[in-house]
Amino acid sequence: MLRNEHPVTGRRLPRLDGAAKASGRHVYGADFALPGMLYGKILRSRVPRARLVRIDTHRAAALPGVRAVITAADVPKVRYGNAVKDLTVFATDQIRFVGHPLAAVAATTPEIAEQALAMIEVELEPLEPVYDPERALETDAPLLHPDWQSYAVLPFIARQGNVAGRSRIRHGDVDAAFARAYRVYENRFTTPLQHAGYTEPRAATAAWDGNATLTVWSNAQLPFEVQAMLSDILQLPSSQIRVVVPGIGGGFGGKLRIGVEHFAALLARACGRPVKIITTSEEELIAAHPRQPAIITLKTGVARDGKILARDGRVLVDCGAYAGSGPLVGAVALQVLAGPYRASNLRLESLAVYTNKVPSGSFRAPSGPMANLAVECQMDMIAEDLGIDPLELRLRNVVHEGDLGPAGEVLKSVSVEECLRRAADAIGWHDRRPAPGRGKGIACSWWMTTGGSSGVYLKLNADGSVSLTSGAVELGTGALTGAAQILAEELALDLEDIRIATVDTQNAPYDYGAQGSRTAFSVGNACRAAAEILRRQIFAVVAKHLEIPADEILLREKCVVARNHRLPLAEVARIAQLGAGGLIAHGTAISPPPAHDPGRVENHPLPAWNTPSFHAHAADLSVDRETGEITIHRYVVAQDVGYAINPTYIEGQIEGGVSQGLGQALSEEIVYEDGRVLNASLTDYKMPTSLDMPRVESILVECPSQHGPYGAKGVGEPPCIEPPATIANAIAAATGLWITSLPITAEKILLGLEGSEQKP
Amino acid sequence: MTRSVLALSVNGEQHELLIEPHWTLLHVLRTELGLTGTKENCLEGECGVCTVLLDGKAVNSCIVLADQCRGREVLTIEGLGGPERLHPLQRAFAEHGAVQCGYCIPGMILTAKSFLDEHPGEIPSEDEIREAICGTLCRCTGYQKIIDAIAAAAVRMNEQTRHAAQ
């Protein structure tokens, strides 16, 4: 393939939407407005579990300015959902969590809509709730979904009562390996609910063209999934539903599942006017799609030299009142629980369990940080017990090129040793406890580049620029600037010559969506395929025009070069428009998962990971023994990105991912008491500020992948996986104290230190 | 509800608006004037994405009543500079990779402007910048490239001031 003489990829070019965003001109979902639109609000339950006896909306409907009030009685009687179709738009017979939608109102102002909500009368009969997922597993626990057997599910899902999904990876003989192990370690870890923390609330504006066609402008991460869900909910063919994503102010997986689009659509249909809904901070913290709380138990048997012989682990994810992403999130934890380590005997199980709390979602590397906390803290506990340096213990166990992964797949482009060594060198691992109360921690992991297909359309514009239409939204990661760099490189253009279209399901080709660290990878591959087709089209037009064979034609510096002719692409576009209806190319990409041993895996949607990436984090911190507060002096990330398409935005992913991971490690928790959220505001839900964040030192390791564009691997999710384990290990190095329950607050540290001082 | 007349200057342009007493400055900017560069999120002064300059000082426009802005000068991100004529802060944010999703960026840039304007001729330290922007949440960047952008803009703005003085 011809590459640009001045490559566009691999360079620190400013993103295409940067100036529009920095000048406030970029329009986000929450900014979108239509003439004559009304404002929608949702009535949400204040009790965690009850039978809904009666709901009376007459007074609310009579309030001046109110245009529609809808309840379960006004919407199609259908269940919808992602892995398990267990959701209804509004509570029907049973209320299952505080925040459960009961009714919705559209009014001329948000204030009137709010006032109307307070006038809806609800009669309830309280039922016994279940908050603890371990209690929910007991045989005498109340059943959250008595009709669970009637729900439709994806084929791989295994369920039973309050278990919404169970997955397993098993091979070898774990019990026999434990019996001959030098030592066996068993530990339990817990992690809390964490909000994705996007700064733009979820928002949707819906308008109907008569009653036939719906358009929704929203900040959804997966417009095609939202379209499919709306099709189920409204009982309309999906082609009659158009989802447009003008812009999105962060998602991090929290905007994957349908948000408020359906409420806006139903209200707009009821009142015959456009309706806009934007969530409040309280709604975000009681009824969004946060990261599942998890309980992880991990038992590991090792030989005298620290080699792992067997692992027996269970991840229990609390998916809340509805399955949401829970069954998939639980399943994916199993690969992280195996770790980037050789182990010939594995018995790993995940359970996604219903409780009377907020239904949860797929926050960035969904179960990665939870399972990694267990694996990597336990590695340090083992190292300490055996008197082996924690880095050395890891190096004795990590996987190498050609090893088998947990599902029996052959691992390729394996770089975990290099990541560990480079992170350790950078943090100064030789001096692990440089002062009293100061210590260094290290943790490593691996993660997938999620598969799924991508299609892109390219159009050669009259001015010689090229439009890129994709179904993948730009979340902010810079992934589409990365894809545009690839496209520019393939077409001998500058990055600024690529125009990225707004995502609109009516005219965008399908994309599996901006999720799973796949956007630059998969859309980038589709761009390469489409560029090849567009090149051939361009050469055919020029060959005919100049009567020169196509194989003597080249693209160079925005021109077509053929013998002694040099045609600017704008000229080619003009010729193609005059004689050929213009030029449009369609390129697609799909990355097939590696072959695996199906005998090792049960009920797993992603049994063998596509193009895994490897990474290691290291931290140097001090603990104040008086206050329990920690100060992070340095934080290093060595991440294998395969090929750095744009190093600036890859660093941006690492720095931002670490910030979310440190939030989970140290301060973030949606706190429940008796089924109610105690901290449903940004005053009380503490995300890292500029004063909390250390400078993050990024080391980009480039071990090229077989399937990514120019060797790239998925980048976006991994940086938030290792921070909790890295911090916990550094705290243990500094103090000798193990805190196995996130977040590791100053209070927990202080109580732990006081406890250990009281012991003899 | 009784409406009253409000005379307000936004980005150097005079407006006469009929406002309701409970309307916030944020509501007036976004809904009445269509200036959606000022972002909306928590509505309780916690996240900082709605920051604008009121008589040159950074305020959370979600907790300032429009009525409190009578006869005062408001600067929003649209008034600071457009995509073709970026202010040095806007340019530095775009060039240093400080913009990801971008939703906090207008508020972050105006917070930085207010801070730099209070310290003319100075090059602030990293710690001072961290302190200055700690009221604006960014979930994408971990703040690092934002801090680098503000430091770079401070240098450029000082150079421009010196050139203008010469």
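Colleague: How many helices and strands in chain A?
Modeller: Chain A has 18 helices and 30 strands. Both are DSSP runs numbered from the N terminus: helices are H or I with at least four residues, strands are E with at least two. This is a predicted model: local features need pLDDT of at least 70 and side-chain atom pairs count only at pLDDT 80 or more, while totals for chains, interfaces and linings use all residues. Residues are numbered from 1 along each chain as its sequence is written, with chains lettered from A and ligands numbered from 1 in the order written.

Colleague: What radius of gyration does chain A have?
Modeller: 27 Å, which agrees with the value near 27 Å for a compact globule of 760 residues. The radius is taken over C-alpha atoms, and the globule rule is 2.2 Å times the number of residues to the power 0.38.

Colleague: And what box do the C-alpha atoms fill?
Modeller: Roughly 90 × 70 × 50 Å along the principal axes of chain A.

Colleague: How much of chain A is buried?
Modeller: 61% of its 760 residues. Buried means 20 or more other C-beta atoms within 10 Å of the residue's own, exposed means 12 or fewer, and partly exposed is in between; C-beta atoms are placed from the backbone.

Colleague: Now the core. Which residues have the most contacts inside the largest one?
Modeller: A:Val105, A:Ala264, A:Leu267, A:Leu337 and A:Leu487, in a nonpolar core of 302 residues. Helix H14 (residues 519-546) of chain A gives the most to this core, twelve residues. A nonpolar core is a set of buried Ala, Val, Leu, Ile, Met, Phe, Trp, Tyr and Cys residues joined through C-beta atoms within 7 Å.

Colleague: What is A:Leu337 in contact with?
Modeller: Leaving aside neighbours within four places in sequence, its contacts include A:Leu298, A:Val315 and A:Ala371. Contact means C-beta atoms, placed from the backbone, within 7 Å.

Colleague: Switching to chain B. What order do its elements run in?
Modeller: From the N terminus, β-β-α-β-β-β-α-α-α-α-α. The radius of gyration of chain B is 16 Å, close to the 15 Å that the globule rule gives for 166 residues, so chain B is as compact as a globular protein of that length.

Colleague: What does its trace span, and how much is buried?
Modeller: The C-alpha trace of chain B spans about 50 × 40 × 25 Å along its principal axes. Buried residues make up 54% of the 166 in chain B.

Note on methods. Two residues are in contact if their C-beta atoms, placed from the backbone, lie within 7 Å.
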